[in-house]
Amino acid sequence: MEDLLDRAGGPGLLFDDDRAGPDDRVIQVKTVDAAVPLWIIGDLHGDLLALEAALAAIARETTGPGAERPRIVFLGDLFDDEGYGLEVLLRLFELILEAPERVCVVAGNHDEALSYDGIRFASSVSPADFADFLNGHLSHEWIERAGKLAVRFFGSAPRALFLPDGLLVAHAGFPLADLHERLAASGDWNDPACLSDFTWTRAHPTARRKLPNRFSRGSQFGYQDFAAFCELSARLGRPVTHLVRGHDHVEERFAIPPAYRAHPVLTTVALSRRLPREAFGPRERVPTLARFVERSVPQVHRMHIPAALIDEIFPEPSAGCRAGEPSSPEAPR
């Protein structure tokens with residue numbers, strides 16, 4: 001991966017050829033071949049089980065002689081919230097090395113929040129247990145190198161994709177209403193405030209409008225806010241009609257709020273368990289992934305993982321092992 005990122009012209013990931021320049025984080029995708037499967041995997045937060053289930057489901061859908069190898073877009077938030085953040089990160093790197101032109105990773109807020117100052121890792125978001133794990137293993141060269149590689153990789157990762165059929169792909173949302181006038185005047189999609197909104201904003205399921213709160217990066221938007229953004233993006237030459245995102249850990253692991261019927265919004269996350277910060281609901285969940293459908297909301301696929309397997313991989317803390325507790329690289333996991 002280090003060699004790949006050092007390569008002249010960049011790593012050559014999916015949609016990299018559509019970047020306006022090496023620093024472009026908001027990519028206007030020129031073409032998408034609808035005949036080649038394009039899958040979208042939402043938040044994982046160290047859920048290696050859900051990731052492998054998603055890859056198995058994608059493989060099952062890719063059948064027949066001469067079938068096109070699928071492309072995958074990750075919506076970010078690979079680590080934190082306990083789980084197996086390092087393993088998920090390394091599995092992602094394996095997929096990239098196998099076929100970089102078939103993998104795109106949109107940075108999530110937990111991904112971009114990870115930093116390294118030359119001595120220790122830190123994170124500007126909570127929970128930040130992956131940074132704690134890396135700092136607890138600084139004596140292990142390859143773990144430290146993996147952490148530094150993650151910081152570098154997500155620093156250059158896109159924050160949003162504008163697909164030609166009108167689909168906006170982002171971890172969280174879109175530039176909120178208070179940025180529209182400035183964006184209309186400048187046309188600068190890479191404005192730091194815009195990049196932050198693509199990565200941090202939250203969808204309110206029923207509100208018409210929400211006032212942006214710049215004192216909190218997690219400010220919400222409503223369905224009329226999204227409609228206003230769709231109108232603005234069309235004027236700026238990037239028509240948007242619908243959105244796929246992660247970020248909000250909805251109980252059913254996917255949601256399409258009816259209030260957004262004029263401009264649909266799909267939230268999809270790949271989490272097979274209740275996260276420690278989720279107060280309610282069953283421990284075992286049904287993670288989802290989505291398949292791109294041209295000019296439509298992506299098709300949701302639910303992955304029914306046996307509850308016993310989820311409990312085995314993510315045991316109750318009372319079983320003597322905190323779920324996903326960082327362990328030394330020598331310890332069996």
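Start your tour at the lining of the largest pocket, which splits into 8 nonpolar, 5 polar and 5 charged residues. Here Ala, Val, Leu, Ile, Met, Phe, Trp, Tyr, Cys and Pro count as nonpolar, Asp, Glu, Lys and Arg as charged, and the others, Gly among them, as polar.

Before you click on, know that this is a predicted model, where local features need pLDDT of at least 70 and side-chain atom pairs count only at pLDDT 80 or more, while totals for chains, interfaces and linings use all residues. Residues are numbered from 1 along each chain as its sequence is written, and side-chain values use heavy atoms, with hydrogens and water left out.

Stay with the largest pocket: its volume is about 340 Å³. Select G9, G10, P11, D16 and R19, the closest to its centre of the 18 lining residues. (On a 1 Å grid over the protein atoms alone, a pocket is an open set of points where a 1.4 Å probe fits, with protein on both sides within 12 Å along at least five of seven lines; lining residues have an atom within 4 Å of a point. A volume is the space filled by probe spheres set on the points, which are joined across faces, edges and corners.)

Next, hop to the second largest pocket, with about 290 Å³ of space. Colour α2 (48–61) and α3 (85–98), the elements that each give two or more residues to its lining; helices are DSSP runs of H or I, at least four residues, and strands are runs of E, at least two, numbered from the N terminus. This lining has 8 nonpolar, no polar and 4 charged residues.

Last stop: show strand β14 (residues 288–291), which pairs with β2 (residues 38–41) in the antiparallel sense over 3 bridges; pairing takes at least two DSSP bridges. Find W39 opposite R291.
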